[in-house]
Amino acid sequence: MDDEAMIGRGRRAWTGGGSSGRAGGRLADEVYDTLLGQLMSLRIEPGSRVTIDVLARELGVSQTPIRDALNRMESEGLVVRVPHAGYRIPPQITRNRFEDMLEVRLLLEPAAARRSAERATLAQVADLRRMLEEMAELEGGDGPTAYGAFGLRDAAFHDLVALSAENQVIRETLARLHSHVHLFRLHRDAQVTHLAMAEHEDVVAAIAARDPDAAAYAMRRHILRSGERFRRLFDELKETDPVAVEA
């Protein structure tokens, strides 16, 4: 599987087949998908500058879909507009922001898993299991593109749990965090993907068994353990750039 296909596969899973749900698969959505994939795979580095005309030449499209995609990414906090100078990719997430984000996830995601165990349809449970299978395929991939695609699939998994909980507010709140984008940009770590897989399997097993308490517990444990793994990455980064990590 080539780089673009791998990233596109992960992104389409996150959004349920179409990047934004709008009919027709607009070109701006495709550009958005491409840029998000490049963020996740670190082909666009944190702190780098991007301009509309350069992106238009690289992607072979007009400036209009580039502008639309970047405006959308700006509203989601994935890029920052620089007056008279285009856009800039934000630096890596800080330790303080990470801790705040983790706290919100611990409040919302176990509740979503609990409701999913009560409300998920058989088709949604099957989709969760299919996602695990596809993540297992990506887990063995090498390089930043495979890691980025795994991160997008990870996001798709958590989004489907929230969707099956039938609480749109929780789903929208988690989507606005873009936690998987920020975390998977930190560092490529095979342990992150390997351990996440086993924890996801526990969540799906509890949802399929219609056990709300077990589902909530499995999701809370997953987020706590994920937090511990990424804290170690922050500790490593702090050794090289302590100001950036804590800012």
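**From fold to interior**

Of the 247 residues in the protein, 48% are buried, where buried means under 20% relative accessible area, exposed means over 50%, and partly exposed covers what lies in between (1.4 Å probe, protein chains only). The model is a predicted one, in which local features need pLDDT of at least 70 and side-chain atom pairs count only at pLDDT 80 or more, while totals for chains, interfaces and linings use all residues. Residues are numbered from 1 along each chain as its sequence is written, and side-chain values use heavy atoms, with hydrogens and water left out.

The protein has 12 helices and three strands, these being DSSP runs numbered from the N terminus (helices: H or I, at least four residues; strands: E, at least two). Among contacts in the protein with a separation of 6 or more, 77% are between residues 24 or more positions apart, a contact being heavy atoms within 4.5 Å. The accessible surface of the protein comes to about 11,700 Å², and 50% of that surface belongs to carbon and sulfur atoms; such areas come from the Shrake-Rupley method with a 1.4 Å probe, and for residues only the protein chains shown count as cover.

In soluble globular proteins, nonpolar side chains tend to be buried together. Here the largest nonpolar core has 63 residues, and those with the most contacts inside it are Leu70, Met73, Phe157 and Ile207; such a core is a set of buried Ala, Val, Leu, Ile, Met, Phe, Trp, Tyr and Cys residues joined through side-chain atoms within 4.5 Å. Helix α7 (residues 144-164) gives the most to this core, with nine residues. Leaving out residues up to four places away in sequence, Ile207 touches Ala113, Ser116, Ala117, Ala120, Val125, Leu128, Val161 and Ala215.

Leu35 lies in helix α2 (residues 27-40) and is buried, with a relative accessible area of 2%. Between Leu35 and Met73 there are 38 residues of separation in sequence, and their C-alpha atoms are 9.1 Å apart in space.

How many cavities of 30 Å³ or more are there? The count comes to five, where a cavity is a set of points, on a 1 Å grid over the protein atoms alone, at which a 1.4 Å probe fits but cannot get out, and where lining residues have an atom within 4 Å of a point. Grid points are joined across faces, edges and corners, and a volume is the space filled by probe spheres set on the points. The largest cavity has a volume of about 120 Å³. It is lined by 14 residues, of which Ala155, His158, Leu174, Ala175 and His180 are the closest to its centre. The elements giving two or more residues to this lining are α5 (95-119), α7, α8 (168-177) and α9 (179-184). By class, the lining of the largest cavity divides into six nonpolar, four polar and four charged residues, with Ala, Val, Leu, Ile, Met, Phe, Trp, Tyr, Cys and Pro counted as nonpolar, Asp, Glu, Lys and Arg as charged, and the others, Gly among them, as polar.

The second largest cavity holds about 70 Å³ of space, and of its 12 lining residues Asp154, Phe184, His222, Ser226 and Phe230 lie nearest its centre. At least two lining residues come from each of α7, α9, α10 (190-208) and α11 (212-240), and α11 gives the most, with four.

Helix α5 also holds Arg105, which counts as buried because its relative accessibility is 6%. Apart from residues up to four places away in sequence, Arg105 touches Pro110, His158, Leu177, Ser179, His180, Leu183 and Ile223.

Most residues other than glycine have a negative phi. His178, in the loop between α8 and α9, has a positive phi near 50° and is buried at 7% relative accessible area. Arg210, in the loop between α10 and α11, likewise has a positive phi, near 60°, but counts as partly exposed at 35% relative accessibility.

How values were computed
On a 1 Å grid over the protein atoms alone, a cavity is a set of points where a 1.4 Å probe fits but cannot get out, and a pocket is an open set with protein on both sides within 12 Å along at least five of seven lines; lining residues have an atom within 4 Å of a point.
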